[in-house]
Amino acid sequence: MRAVLAVELRKLLALRRMRAAFAVVLVAPPVVAAVLQLQQGLPTDTLYGRWVQDLGLAFPLVLLGSAGVWTIPILAGLVAGDVLSSEDAHGTWATLLTRSCSRWELFWGKALVAAGATVVLVLVLGTSAIVSGLLFVGRQDLVGLSGQPIAFPSALALVALAWLSTLPAALAVSAGALLVSAATRSSLLGVGVPALAAGGLGLAGQLAPLGGVRPLLVVTGLGDWHGLLLEDPALGPLEAAWAAALVAVVVLLAGAVLLLRRRDWAVP
Amino acid sequence: MRRLLALAPVSALLAACGPSYDGDALATAVGRSFAHLYARSAAQDGRVDVRADDLQAGARCARGGEETPDEGPGDDWRCVVAVSDPQLGRRQVVYEVVLKPDGCFSAEGPPEVVGDPRVRGADGVLRLNPVYAFDGCL
């Protein structure tokens, strides 16, 4: 198992696409933050957009509000979307399965690496955003979503928590990408389908009052962090979203396992 | 029967999570935000002793059309908010409010009442005018 992890990790880090993703999540936040400070207009259609030039901690929340819907699913799909299908593309399953590790060790090793890389990408993006906001604007207190002032140290903790709260949904997208990748054996679909599906569902969650169905869309969990910043924090939606994401991860992984189990490994 | 029992927590969860945004819920949130931001605005003007809890803030919200029921997301909400300023007396502002499906709102005041988007504070620094327009969540 450890050997699988090491090999998969090395393969992942050697991918140009992954290196580009790491560079982007590291460099994009300071660039966007700088542009927002220089321009006249404010991104008022996003929560905290009005505060982005006045409060340092507003910027990571603006980025979370806008990046949540598309960027996080794309990052999740980018890694998980082809850890399985790349073996199809290169025709390397047959060789791989002659090695001294089981099919399932391979599968779980790949799944773990994909999950780990997704978590790291999201955390780097969030950290870079927070640092950019503090650097370009400063360490002001935050204004909560009930208008209440939140003193700096606890505000920083809440912003970090808001970013962390998106991880279950990101992992659910990651598991979905693994399933699509196992089902279609295509890296393009493995990366594209989950990102589009997550983006579409997220958009639906923003546009329509979905009522009780909302937490079931899983990716709406990417936007449920606002409950954290209320005067009386509302954690209900966030907890529902986490539970839904957990169920989704289990179901999607089970689907991928079933597909691999039923697969005819005889090489074409 | 067992299947029905299994469904009970699910439906309870769905019912609990199904947000029903009505005028009262929106008014509470908008009124609370306005009180806090009014205090912030006063502090920027050098009146640091104005506290949100002392302002007796209140709000009433209704949707635009006569036939439209006062509930649910929409961009035609109007909220009348009022505070009792310790020095300036009872003050009232009408905000145009957009309530989004995710339970967050965006309120915009009439510029002739709430002033410019950015205002100079008592210390001469140009800052965001907290009550010009504001966002919040229910």
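**Surface patch**

I began with Leu207(A), which is exposed at a relative accessible area of 66% (exposed is over 50%, buried under 20%, partly exposed in between; 1.4 Å probe, protein chains only). Leu207(A) sits in helix α9 of chain A (helices are DSSP runs of H or I, at least four residues, numbered from the N terminus).

This is a predicted model, where local features need pLDDT of at least 70, side-chain atom pairs count only at pLDDT 80 or more, and totals for chains, interfaces and linings use all residues. Residues are numbered from 1 along each chain as written, chains are lettered from A and ligands numbered from 1 in written order, and side-chain values use heavy atoms, without hydrogens and water.

I found Leu207(A) in a nonpolar surface patch with Trp70(A), Ile74(A), Leu196(A) and Leu203(A), about 500 Å² of accessible area together. Patch residues have over 30% relative accessible area and no salt bridge; nonpolar side chains (Val, Leu, Ile, Met, Phe, Trp, Tyr) are joined within 5 Å, like charges within 9 Å. Areas are Shrake-Rupley, 1.4 Å probe, with only the protein chains shown as cover for residues. α9(A) gives the most, three residues.

**Helix α2(B)**

I checked that 16 of its 22 residues are buried, so α2(B) is largely enclosed by the rest of the structure. Gly46(B) follows α2(B), with a positive phi near 95 degrees.

**Chain A to chain B**

I noted three salt bridges across the interface (Lys or Arg side-chain nitrogen within 4 Å of an Asp or Glu carboxyl oxygen). Asp54(A) forms a salt bridge with Arg118(B), closest N and O atoms 3.1 Å apart.

Terms used
Helix = DSSP H or I, 4+ residues; strand = E, 2+ residues; numbered from the N terminus.
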